[in-house]
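Please find below a colleague's note on the model under review. The points are numbered so that each can be checked against the coordinates.

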Amino acid sequence: MNKNEEKTKLYDPDMLSADADVQTDVDSVMRKYDRESNTRIWEGKPKIAITVILAAFSLWCIYVTLFATFLEEIRLTSFMGLIILMGFLIYPSKKGDQKVNHMPISDIIFMIVGVGSFFYFTFNVNQIINQGTRFTWFQIVIGILAILALIEVTRRCVGLPILIVAGVFIVYALAYGLTNPEFFGRLRYLVRNLFYTKEGIFSTPVNVCSKYIVVFIIFGAFLERTGISNFFIDLANCIAGRFAGGPAKVSVISSALCGMVSGSSVGNTVTTGSVTIPMMKKTGYKPEFAGAVEATSSTGGQIMPPIMGAAAFLMADFVGVPYSSIIGRAILPAILYFAGIFISVHLEAKKLDLHGMPKEQLPKAKKLVKKIYLLLPLIMLVVWVSGNFMTMQKAASLAIVLTVVVSLFNKDNRITPGKILEALEAGGKSAITVGAACGVAGIISGTITMTGLANDIINAIVSVAGDRLIIALILTMLCCIVLGMGVPTTANYCIMAATTAPILIRMGVPVMAAHFFVFYFGIVADITPPVALAAYAGSAIAKSNPMKTAFNASKLAVAAFIVPYMFCFNPAMLLIDTTAIQVVQIAITAFIGIFALAAALEGYCFANMNAVIRIVIAAGGLLLIHPALATDLVGLIIVFVSLGFQYVLSKKRKAAAQ
């Protein structure tokens with residue numbers, strides 16, 4: 001076999017798709033790190049019944065958000081009741097329960113009790129609203145059963161981290177946080193507020209989830225059926241596949257595009273990673289680096305406008321600004337995040353002398369242009385929403401219809417009636433996790449509000465920080481990373497917005513910057529040790545050391561750890577109180593700063609760097625990222641002098657080697 005044949009074989013997609021180990025590992029990795037994949041096995045008539053229930057739920061959500069005129073309490077309670085119903089039907093009580101068409105009697109009883117508790121509120125809503133604070137013990141027991149059912153469904157489909165946080169706050173409320181001297185008095189007050197008011201389960205997270213997020217989840221399910229994920233991967237191959245370390249660059253681009261729609265760091269890491277990680281390893285990247293690239297890129301999809309894993313819609317509601325304002329301000333930080341990863345994988349490729357993919361193995365640009373229409377639903381969704389032509393839920397519903405229409409032009413991924421049912425089923429199933437997590441997020445925010453714990457936390461951090469904003473930012477960052485461990489994107493942001501964003505607002509940080517700060521650090525919990533689920537999922541596919549992969553991912557995501565500090569110190573990076581000239585200056589200098597930091601962390605630019613140059617160029621990079629004229633000038637001098645010195649040094653080394 002000659003050298004060219006070897007090179008071609010290395011990137012042979014048929015060989016890659018036939019890699020039995022990779023294909024077999026995908027399902028097991030999803031079951032291990034993505035709790036949504038641990039589902040019951042239904043076959044035959046029971047499977048048809050479950051499919052109909054999930055699809056009917058999706059249709060019901062679309063109908064309610066568009067046309068329903070009944071009380072908001074009816075919409076919220078019935079929504080959560082259906083989430084509980086589907087949660088028990090889909091998720092077993094423990095991992096590995098793979099019995100076909102089996103549901104234990106205990107699960108059936110718990111399901112009936114939980115669903116009944118929520119629908120008790122639905123069908124008695126007028127009485128409950130009119131009775132004020134006079135609740136009988138029967139009603140309190142109903143509330144307790146409903147909360148327990150929600151907690152159990154969340155445990156099954158989301159995991160323990162978010163429940164541990166909620167449990168700590170509930171115990172604190174019952175033990176210390178409420179003024180009533182009697183335990184049962186505190187219990188009655190807590191349950192009443194958490195279940196029978198809009199301060200707990202039915203607060204903003206569930207309200208926004210049932211009104212907006214579910215419809216966008218369903219839209220995402222339809223969009224996936226058009227084959228847009230494959231289009232994104234082919235597009236990334238066409239753009240970057242031929243350059244040095246091509247597969248890693250493909251991973252960065254495709255994961256950014258796919259991740260913003262999927263809304264799941266772990267799910268996107270596994271699905272796109274099953275293709276990109278083996279390609280990176282075959283190219284010559286170390287397994288720990290390959291897994292980290294995919295995990296970091298997939299996690300970054302959650303901060304990638306215009307969808308941002310559905311959190312953009314929540315943020316718009318929390319902050320009280322139009323959706324278009326959120327995505328506009330998110331663009332520059334997202335570009336810097338992915339620029340940092342892209343530069344790192346490029347420098348790593350140069351350091352290891354890795355090459356791109358052969359031209360004959362790459363998709364043809366002409367074929368991709370013919371499929372550009374697949375982007376039309378996504379483009380029109382953004383136009384409709386950001387232009388305030390219609391409500392978000394109506395825009396998402398029309399985008400679903402448009403998705404079906406554009407799919408008709410693609411015979412390979414045409415959305416047939418069967419695929420419509422499949423998409424509705426997938427949308428309903430995905431809504432379970434988000435709905436349950438948002439319900440528990442409501443419990444957390446409600447508990448800390450009614451106990452005054454939020455003010456205690458804020459006052460404690462403010463008193464420790466004094467007038468030093470950097471101290472408050474570091475303490476808030478640590479809170480976000482701890483509270484965000486293993487929590488889905490939407491619920492993650494809900495918790496951060498209720499618990500940590502007010503800290504920064506108290507310190508004088510603009511509301512928008514504070515919310516972006518806590519959102520970013522809640523998201524990077526997925527790649528930050530010790531609970532770095534996305535990084536661990538990537539390591540499982542790469543067959544690498546999980547902790548080394550997590551540390552590599554944290555290093556690659558350097559922009560996500562630095563940029564939030566910068567837009568808190570100077571909100572101009574979020575386009576707050578700035579001009580067009582300042583934006584251009586910030587974009588250019590911040591990009592050079594990210595390049596300098598990436599080079600310092602990689603220890604390579606033109607040639608391997610010594611420790612002194614790495615430290616100096618990192619300092620220059622940090623100065624450039626800070627959006628101020630003085631720091632920019634000093635940073636530019638440091639970086640360009642250091643890079644010039646490094647270039648001359650590399651030339652001398654090459655001359656000496658010859």
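1. Patches are built from residues with over 30% relative accessible area and no salt bridge, like charges being joined within 9 Å and nonpolar side chains (Val, Leu, Ile, Met, Phe, Trp, Tyr) within 5 Å. Lys-364 is classed as partly exposed because its relative accessibility is 46%.

2. Basis of the values. Residue numbers start from 1 along each chain as its sequence is written, and because the model is predicted, local features need pLDDT of at least 70, side-chain atom pairs count only at pLDDT 80 or more, and totals for chains, interfaces and linings use all residues. Side-chain values use heavy atoms, with hydrogens and water left out. Helices (H or I, at least four residues) and strands (E, at least two) are DSSP runs numbered from the N terminus. Accessible areas come from the Shrake-Rupley method with a 1.4 Å probe, and for residues only the protein chains shown count as cover. Buried means under 20% relative accessible area, exposed over 50%, and partly exposed in between (1.4 Å probe, protein chains only).

3. Nonpolar surface patch. Ile-105, Ile-109, Val-113, Val-141, Leu-145 and Leu-148 make a nonpolar surface patch of about 490 Å². Helix 6 and helix 8 are the elements that give two or more residues to this patch. Val-113 belongs to helix 6 and, at 30% relative accessibility, counts as partly exposed.

4. Aromatic pairs. There are 31 aromatic pairs in the structure. The rings of Phe, Tyr and Trp (its six-membered ring) pair if their centres lie within 6.5 Å; planes under 30 degrees apart count as stacked, over 60 as edge-to-face and the rest as tilted. One of the pairs is formed by Phe-88 and Phe-110, which is tilted, with 5.2 Å centre to centre and 45 degrees between the planes. This pair links distant parts of the chain, Phe-88 being in helix 5 (residues 72-90) and Phe-110 in helix 6 (residues 105-123), 22 residues apart. Phe-88 is buried at a relative accessible area of 0%, whereas Phe-110 is partly exposed at 27%. Elsewhere, ring pairs join Phe-118, Phe-121, Phe-135, Phe-195, Tyr-196 and Phe-202 into a cluster.

5. Arg-156 and Asp-107 meet in one of them, at 2.9 Å from N to O. Arg-156 lies in helix 8 (residues 137-157) and Asp-107 in helix 6, so the pair ties together parts 49 residues apart in sequence. Both Arg-156 and Asp-107 are buried. A network of salt bridges links Arg-40, Asp-107, Glu-152, Arg-155 and Arg-156.

6. Glu-348 is buried at 8% relative accessibility, Glu-602 is buried at 5%, and Lys-351 is partly exposed at 31%.

7. Enclosed helix. In helix 24 (residues 489-499), 10 of the 11 residues are buried, so this helix is largely enclosed by the rest of the structure. Among the buried residues are Asn-492, Tyr-493 and Cys-494.

8. Backbone points to inspect. Asn-101, although not a glycine, has a positive phi of about 50 degrees. Asn-101 occupies the loop between helix 5 and helix 6 and is partly exposed, with a relative accessible area of 35%. Lys-543, also not a glycine, has a positive phi of about 55 degrees. Lys-543 lies in the loop between helix 27 (533-542) and helix 28 (546-556) and is exposed at 52% relative accessible area.

Note on methods
A salt bridge is a side-chain nitrogen of Lys or Arg within 4 Å of a carboxyl oxygen of Asp or Glu.
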